[in-house]
Amino acid sequence: MRIVTSIVLFLTATIAFAQNFTGKATYKTHRKLDIKISEGENAPNSAIQKQLHEQLKRQFQRTFTLEFNNYESTYKQEAKLSAPQPTNGVTIQVFGNGGGTDVLYKNVKEGRYVNKTEISGKRFLIKDKLPNYDWEMTGETKTIGRYTCYKAERSREEERRSFSVNEEGKEEDKTEKVTVKTVAWYTPEIPINNGPGMHWGLPGLILEIQEGKQTIVCSEIVINPSDKIVIEEPTKGKKVTQEKFDKIMDEKSKEMMERFKNKRRSKDGRSMSIEIQG
């Protein structure tokens, strides 16, 4: 009778724990960079190119916080990036990211998300269904912190647009299809179907993502913290679907490209600017 009672009490405690399950995970991002600057009379020297690499590297080093319960989460950048500083006449800017004002809300039980973001000072509220990812389990394992993680993979094709200027000064604006491979490491020890950014769909919290040249790694996890976590869905902004927002971003991208071309034509050859469309 005592054994049965103990089992019942254990199951009751487990169910209660699951109902009140919350947590906070901190993620850090970084990106591998491959910058090619043509040789020429006005090309930056090696010292300036090194500074360019460092400035770009800092632009993509960010810290995010994922707050979650069983089915919901919010994903936010911890702090805004500092204003880009010129490097001997070269200024780098990353567009298309609202920084500390962005909030990504996911509800994996209902299969939907809401993303509050800003472009050029205008706030948008992207409301759409969560994508269904076709994850392939590999059986590989590794340890991240104190958690045993399992590897899952998927691939997708996407179009990428790039703008460059060759050594003769000819402008090249091209679009190409590329295959992007995503590798996720998740832990069943934290049994929630969630992860950083738009990543989800695995039987455990995703602690690391390698996607293209970007890596997202969890650096800290707090389960059921003493400070109560309340997941709030964003409500303010112009409501659009993801498809509509992508069209808006494409138009903004074209505007940035034209602006860059016009700026370049007005330069006297003694200075240079680099703009990256996020």
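Biologist: What makes the meeting of the E208 and K142 side chains a salt bridge?

Modeller: In this predicted model, the N to O distance between E208 and K142 is 3.1 Å. The cut-off is 4 Å between a Lys or Arg side-chain nitrogen and a Asp or Glu carboxyl oxygen, so the pair qualifies. The pair links distant parts of the chain, with E208 in strand 11 and K142 in strand 8, 66 residues apart.

Biologist: Why is E208 called buried?

Modeller: Its relative accessibility is 8%, and buried means under 20%, so E208 falls in that class. K142, at 30%, counts as partly exposed.

Biologist: Which residues do salt bridges with shared partners join into one network?

Modeller: The network consists of E140, K151, E153 and K181.

Biologist: How do you know that K151 and E140 form a salt bridge?

Modeller: Their closest N and O atoms are 3.5 Å apart, which is within 4 Å, so the term applies. K151 lies in strand 9 and E140 in strand 8, so the pair ties together parts that are 11 residues apart in sequence.

Biologist: Are K151 and E140 buried or partly exposed?

Modeller: K151 has 14% relative accessibility and counts as buried. E140 has 40%, which lies between the limits of 20% and 50%, so E140 is partly exposed.

Biologist: What makes the contact between the side chains of S73 and N194 a polar contact?

Modeller: The contact is 3.1 Å, and the limit for a pair of N or O atoms is 3.5 Å, so the distance meets the criterion. S73 lies in strand 3 and is buried, with a relative accessible area of 0%.

How values were computed. Residues numbered from 1 in each chain as written. Predicted model: local features only at pLDDT ≥ 70, side-chain atom pairs only at ≥ 80, totals over all residues. Heavy atoms only, no water. Helix = DSSP H or I, 4+ residues; strand = E, 2+ residues; numbered from the N terminus. Buried < 20%, exposed > 50% of the residue type's maximum accessible area, 1.4 Å probe, protein only. Polar contact = N/O pair within 3.5 Å; in protein donor to acceptor, adjacent residues only side chain to side chain.
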